[in-house]
Amino acid sequence: MQKIWLKNYPEGVPSDISDKASHYPSLIQILDDTCAQHADRVAYQCMGATLTYTEFDHYARALGAWLQHQGVGRGDRVMVMMPNLLQYPVAIYAILRIGAVLVNANPLSSSGELSQLLHNAQPSAIIVAENFAHTLSGALKEDTDSATRPVVITGVGDLLGGLKGPVTNFVVRHVRRLVPAWDLPTAVTWPDAIKTGAQHGLIPAALTHADMACLQYTGGTTGLPKGAVLTHGNLVSNLFQAHAWVTPTLVPDEPDCVVTALPLYHIFAFTANFLLFAHLGAKNILIPNARDLDAMIKDLRDVPFTAITGVNTLFNGLLNHPRFADLNFSRLRWTLGGGMAVQETVAERWLQVTGKPIAQAYGLTETSPAVTINPLDSTTFTGSIGLPVPSTELSIRDDHDTKSKQVYEQGEICVRGPQVSPGYWNNPDETLH
């Protein structure tokens with residue numbers, strides 16, 4: 001295929017990332033390397049508390065060892081169901097480094113929706129924030145095959161440290177009453193799992209690009225959610241596709257700081273915020289509830305962030321908040337919009353207020369997710385989804401996927417690249433080969 005779009009690539013962006021991706025057999029090596037290289041940097045900040053990369057490594061090692069002690073190993077699925085807390089990236093790293101498969105679950109799912117996911121994924125263990133444990137209780141009653149699996153229950157304050165952690169948990173449970181009653185006989189607390197796991201040595205898994213890293217559920221337009229299989233190769237490739245695009249905007253010896261208001265259980269934030277910025281050794285500001293704009297802006301008040309990802313509704317909500325314009329945008333280098341179309345009026349206001357444009361991107365759960373992106377420094381909003389990322393081929397075809405459409409003709413977007421999922425989990429009828 002002739003990649004005619006390459007002539008419009010920003011300066012410094014390569015056409016191919018296969019050599020870089022081949023250096024890392026799995027996501028484990030990427031996370032291990034960044035923890036070693038940036039040990040003293042702050043990796044995550046949430047509700048005023050921080051984790052350094054050393055602490056990130058320590059907690060993930062302990063949780064991974066606990067999972068192994070429960071019999072969880074290579075290829076087993078582990079479901080995580082929580083908002084953007086410090087515990088989330090720790091859980092991801094722990095699951096990946098023992099060779100297990102991360103199953104991201106929306107904590108706002110109903111018991112019925114969660115039951116369908118449990119039935120399909122058949123997780124060997126579950127990690128859930130206590131605020132949503134009652135939903136899990138209901139789902140496990142409907143899916144008895146998963147009822148005996150080990151469950152880790154975590155409170156909002158479990159990694160906030162000092163007095164702040166216990167006080168936060170007390171307020172969440174007894175003052176704000178945000179933890180409905182739950183019944184999970186196999187549950188252990190997060191502190192107990194970490195304490196027990198720290199007494200056992202973690203046995204790291206030796207993985208390849210072909211190993212499954214993540215089951216990412218998506219409804220699309222076809223009804224019931226399907227689990228898109230994302231391999232280590234898919235995600236390593238998409239990470240380096242995104243890295244190639246942002247490299248020309250990076251400032252040497254100036255650590256990045258990204259705002260993660262989008263939930264990490266969504267593939268957009270998982271790859272663009274967690275994976276990419278962990279690889280960069282950046283500080284990641286986790287926002288537990290993006291609907292609480294007052295709390296979010298308070299968290300960002302003293303943080304000169306360099307990047308933020310979001311959707312149109314988030315950008316619009318921030319722009320309409322009376323204190324958003326008072327934030328420090330002096331280090332902001334790029335804003336990435338996806339998940340839905342960014343409105344022109346929102347993009348224009350964002351540029352006016354922050355001094356930086358919104359770069360619109362397009363992707364799919366099945367493509368890990370990045371497919372196309374606009375140049376990050378373009379100040380002209382076109383409504384376009386941008387250019388294909390490196391090592392990616394696109395064509396517009398007819399309904400039968402047999403004939404490419406001409407310029408200005410409508411059709412289906414077809415994607416080929418190393419980030420494309422091999423199929424849907426336990427769903428051969430929906431998987432196209």
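How many of the 5 residues of strand β3 (residues 77–81) are buried?

In β3, 5 of the 5 residues are buried, so the strand is largely enclosed by the rest of the structure. Buried means under 20% relative accessible area, with exposed over 50% and partly exposed in between (1.4 Å probe, protein chains only). Helices (H or I, at least four residues) and strands (E, at least two) are DSSP runs, numbered from the N terminus. Arg77, Met79 and Met81 point one way from β3, while Val78 and Val80 point the other way.

β3 runs parallel to strand β4 (residues 101–104), joined by 4 bridges, and parallel to strand β5 (residues 125–129), also joined by 4 bridges. Two strands pair if DSSP finds at least two bridges between them. Val80 has Asn104 as its bridge partner in β4 and stands opposite Ile127 in β5. Together, β3, helix α4 (residues 87–97) and β4 make a right-handed β-α-β unit. Right-handed means that, with the strands pointing away from the viewer, the path from the first strand over the helix to the second runs clockwise.

## How the model was treated

This is a predicted model, in which local features need pLDDT of at least 70 and side-chain atom pairs count only at pLDDT 80 or more, while totals for chains, interfaces and linings use all residues. Residues are numbered from 1 along each chain as its sequence is written, and side-chain values use heavy atoms, with hydrogens and water left out.

Strands β1 (residues 42–46) and β2 (residues 49–52) run antiparallel and are joined by 4 bridges. They form a hairpin with 2 residues between them, and Met47 in the turn has a positive phi of about 55 degrees. Cys46 stands opposite Ala49 in β2.

Helix α3 (residues 53–69) has 17 residues, so at 1.5 Å a residue it should span 24 Å; its end C-alpha atoms are 24 Å apart, which agrees. The expected span is 1.5 Å times one less than the number of residues. Buried residues of α3 include Tyr53, Phe56 and Trp66. Just after α3, Gly71 takes a positive phi of about 95 degrees.

## Aromatic rings

The structure holds 11 aromatic pairs. The ring centres of Tyr9 and Trp245 are 5.1 Å apart and the planes are at 85 degrees, so this pair is edge-to-face. Rings of Phe, Tyr and Trp (its six-membered ring) pair if their centres lie within 6.5 Å; planes under 30 degrees apart count as stacked, over 60 as edge-to-face and the rest as tilted. Both Tyr9 and Trp245 are buried.
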